[in-house]
Amino acid sequence: MGVQANTRAIEKDIVTDFSERMSYGSYLDLDTLLSAQKPVSRPEHHDELLFIIQHQTTELWLKLVLHETLAARAAFDADDIGRALKCVARVKHIQKTLTEQWSVLATLTPTEYSEFRQFLGNSSGFQSYQYRAVEFVLGNKNAGMLTVFEADPAAHELLERLLREPSLYDAFWQCLSRLGYDVPESALNRDVTAAYTLNDDLMPLIKFVYENSEEHWAVYEAFEEFVDLEENFQLWRFRHMRTVLRTIGMKPGTGGSSGVGFLQKALDLTFFPELLAVRTEIGR
């Protein structure tokens with residue numbers, strides 16, 4: 001039989017029998033993945049599937065962000081700045097995808113969301129342990145957050161471990177110290193369980209690298225990659241806040257937060273404060 005018009009023939013070497021072979025679906029465990037969307041609204045509301053998939057895909061990307069960020073930290077521990085920055089570069093691309101995803105959720109109108117929001121109970125993105133894990137690795141630590149995950153032993157264990165481990169930024173400064181840079185003791189011996197705050201002792205070294213970038217290119221590039229990472233994170237937070245405002249206005253969040261007001265406060269948080277502060281000093 002000849003090939004019909006506007007039909008692509010299946011090439012003879014393409015595998016079609018998967019009775020005893022691993023297929024695309026089995027490799028990706030699509031039966032599990034595609035059955036994980038379980039709307040709770042009754043009667044089931046059409047737009048709840050969008051809401052579920054938006055958050056599930058975000059969690060998948062966060063899993064990869066955490067994977068790459070921890071790999072970057074390990075690379076700094078091994079004094080391999082190039083490999084660390086390769087991981088950071090991948091995270092930056094993931095961040096752009098995560099930020100653009102908000103435009104899909106923004107198609108959910110206030111009326112549509114209100115028709116199934118009541119069925120969500122107290123579930124909230126605030127309870128995303130992977131998001132908290134990423135924040136912890138980047139230095140925005142808050143021991144008080146652990147109480148949110150006491151009912152989830154695995155999540156609690158992960159966050160407690162990351163709370164006590166050095167952040168990506170801590171590992172970076174330790175790396176530079178081993179490479180011969182004059183990193184102050186206050187940066188090398190800080191309490192890593194505390195949220196990172198601006199360290200004035202680092203400013204001379206950072207300013208020196210920026211003003212002598214040709215001789216210290218790898219470190220200079222790392223500084224700029226960190227700035228990109230932070231800026232992308234802030235853009236994601238901003239789009240999150242604006243999407244929530246667009247969808248529920250100033251109503252409280254389902255998890256008990258103040259909603260938009262709570263998200264606005266996150267815009268004041270920073271991971272690498274010296275790298276932003278130094279811009280005021282350069283060229284004075």
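**Close-up views of cavities, pockets and helix contacts**

A search of the whole structure, a predicted model, finds 2 cavities of 30 Å³ or more.

**View A. The largest cavity holds about 130 Å³ of space.** Its lining consists of Leu-62, Val-65, Thr-69, Val-91, Gln-95, Leu-98, Tyr-131, Val-134, Leu-138, Leu-229, Phe-233 and Trp-236. Two or more of the lining residues come from each of α3 (48–77), α4, α6 (129–137) and α11. By class, the lining of the largest cavity has 10 nonpolar residues, 2 polar ones and no charged residue.

**View B. The second largest cavity has a volume of about 30 Å³.** Around the second largest cavity are Thr-69, Ala-72, Val-88, Val-91, Leu-138, Leu-168 and Leu-229. At least two residues of this lining are supplied by α3, and at least two by α4. The lining of the second largest cavity divides into 6 nonpolar residues and 1 polar residue, with no charged residues.

**View C. The largest pocket contains about 1400 Å³ of space.** Its lining is made up of 48 residues, and those nearest the pocket centre are Ser-124, Gly-125, Phe-126, Gln-127 and His-240. Helices α3, α4, α5 (110–117), α6, α11 and α12 (260–266) give two or more residues each to the lining of the largest pocket. The largest share, 9 residues, is that of α3. Sorted by class, the lining of the largest pocket comprises 21 nonpolar, 19 polar and 8 charged residues.

**View D. The second largest pocket has a volume of about 190 Å³.** Lining the second largest pocket are Leu-28, Asp-29, Thr-32, Leu-33, Leu-34, Ala-36, Gln-37, Ile-53, Gln-56, Thr-57 and Leu-60. Helices α2 (30–33) and α3 each provide at least two of the lining residues, and α3 gives the most, with 4 residues. The lining of the second largest pocket contains 6 nonpolar residues, 4 polar residues and 1 charged residue.

**View E. Helix α4 (residues 81–105) is shown with helix α11 (residues 217–248); their axes come within 9 Å and cross at roughly 15°.** Angles under 35 degrees count as roughly parallel, and α4 and α11 are therefore roughly parallel to each other. The crossing of this pair is left-handed. In the contact of α4 with α11 there are 14 nonpolar, 6 polar and 6 charged residues. Both helices also give two or more residues to the lining of the largest cavity, shown in View A.

**View F. Helix α11 is shown with helix α13 (residues 273–281); their axes come within 9 Å and cross at roughly 110°.** This angle makes α11 roughly perpendicular to α13, the range for that class being 65 to 115 degrees. On the α11 side, the residues in contact are Phe-223, Glu-224, Phe-226, Val-227 and Glu-230, and these meet Leu-275, Leu-276 and Arg-279 of α13. The contact of α11 with α13 has 5 nonpolar and 3 charged residues, and no polar residues.

Methods: Residues numbered from 1 in each chain as written. Predicted model: local features only at pLDDT ≥ 70, side-chain atom pairs only at ≥ 80, totals over all residues. Heavy atoms only, no water. Axes fitted to C-alpha atoms, helices over the stretch in contact; angles between N-to-C directions. Parallel < 35°, antiparallel > 145°, perpendicular 65-115°, else oblique. Left-handed = near helix turned anticlockwise from the far one by under 90°. Nonpolar A, V, L, I, M, F, W, Y, C, P; charged D, E, K, R; others polar. 1 Å grid on protein atoms, 1.4 Å probe; cavity = no way out; pocket = protein on both sides within 12 Å on 5 of 7 lines; lining within 4 Å. Points joined across faces, edges and corners; volume = space filled by probe spheres on them. Contact = heavy atoms within 4.5 Å.
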